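Thanks for coming. I will keep this short and go through salt bridges and one surface patch.

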Amino acid sequence: MFWKRWRHRNVRRFVDEVVWLHQEHGVRFFWLADENPTTDPDIWRQALEELSARQLPIGFCASIRAQDIVRDAALLPLYRRAGCLYVLMGVEAVTDAHLAALRKGSSVDEAYVRFV
């Protein structure tokens, strides 16, 4: 089942690896290939804070649910300080029935109305 349990890495080790990629391989941009990195808001904030604290010359993009962006509105400056340059927001469906069939646990209103 999708979206029922989220496993994450140790935040410091993750950022250590980003530093290593930059120092050893010249990486300047990465795509966070986690389909839902913001599932746990506390861990996501820790990751953003750690990336920001290291002041890395690295940018990244991430796929983030629309309602998590709304939830994190006050954190958007931290997103940028951490290096977030792009956010990809997918739209799986435009009806609540389709979202329910996908077991997303959200509604069309959560993903759309808040942006209007």
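In which strand is Leu85 found? Leu85 sits in strand 3, which covers residues 84-88. Before going on, note that this is a predicted model.

Staying with Leu85 for a moment: its relative accessibility is 41%, so Leu85 counts as partly exposed, the class between 20% and 50%. Together with Phe29 and Tyr86, Leu85 makes a nonpolar surface patch of about 310 Å². That is what I have on the patch.

Now the charged side chains. As a reminder, side chains of opposite charge can pair when their charged atoms come close. How many salt bridges does the structure hold? The count is seven. I will take three of them in turn.

Start with Asp16 and Arg54. Their side chains meet in a salt bridge, at 2.7 Å from N to O. This pair links distant parts of the chain: Asp16 belongs to helix 1, residues 11-25, while Arg54 belongs to helix 2, residues 41-54, and the two are 38 residues apart. On accessibility, Asp16 has a relative accessible area of 40% and is partly exposed. Arg54 is also partly exposed, with a relative accessible area of 28%.

The side chain of Glu50 meets that of Arg54 in a salt bridge, here at 2.8 Å from N to O. Both residues lie in helix 2, four residues apart, which is about one turn of the helix. Is Glu50 buried or exposed? Glu50 is buried: its relative accessible area is 16%, and the cut-off for buried is under 20%.

So Arg54 pairs with Asp16 in helix 1 and with Glu50 in helix 2. These residues are part of a network of salt bridges that links Arg12, Asp16, Glu50 and Arg54.

The last pair is in helix 3, residues 66-71, where Asp68 and Arg71 lie three residues apart, again about one turn of the helix. Asp68 forms a salt bridge with Arg71, and the closest N and O atoms are 3.3 Å apart. The two partners fall into separate accessibility classes: Asp68 counts as buried at 10% relative accessibility, whereas Arg71 counts as partly exposed at 35%.

To recap, we have a network of salt bridges joining Arg12, Asp16, Glu50 and Arg54, a salt bridge between Asp68 and Arg71, and a nonpolar patch made by Phe29, Leu85 and Tyr86. I will stop there.

Definitions and conventions
Residues numbered from 1 in each chain as written. Predicted model: local features only at pLDDT ≥ 70, side-chain atom pairs only at ≥ 80, totals over all residues. Heavy atoms only, no water. Salt bridge = Lys/Arg side-chain N within 4 Å of Asp/Glu carboxyl O. Buried < 20%, exposed > 50% of the residue type's maximum accessible area, 1.4 Å probe, protein only. Patch = residues over 30% accessible without salt bridge, like charges linked within 9 Å, V, L, I, M, F, W, Y side chains within 5 Å. Areas by Shrake-Rupley, 256 points an atom, 1.4 Å probe, with all protein chains shown as cover.
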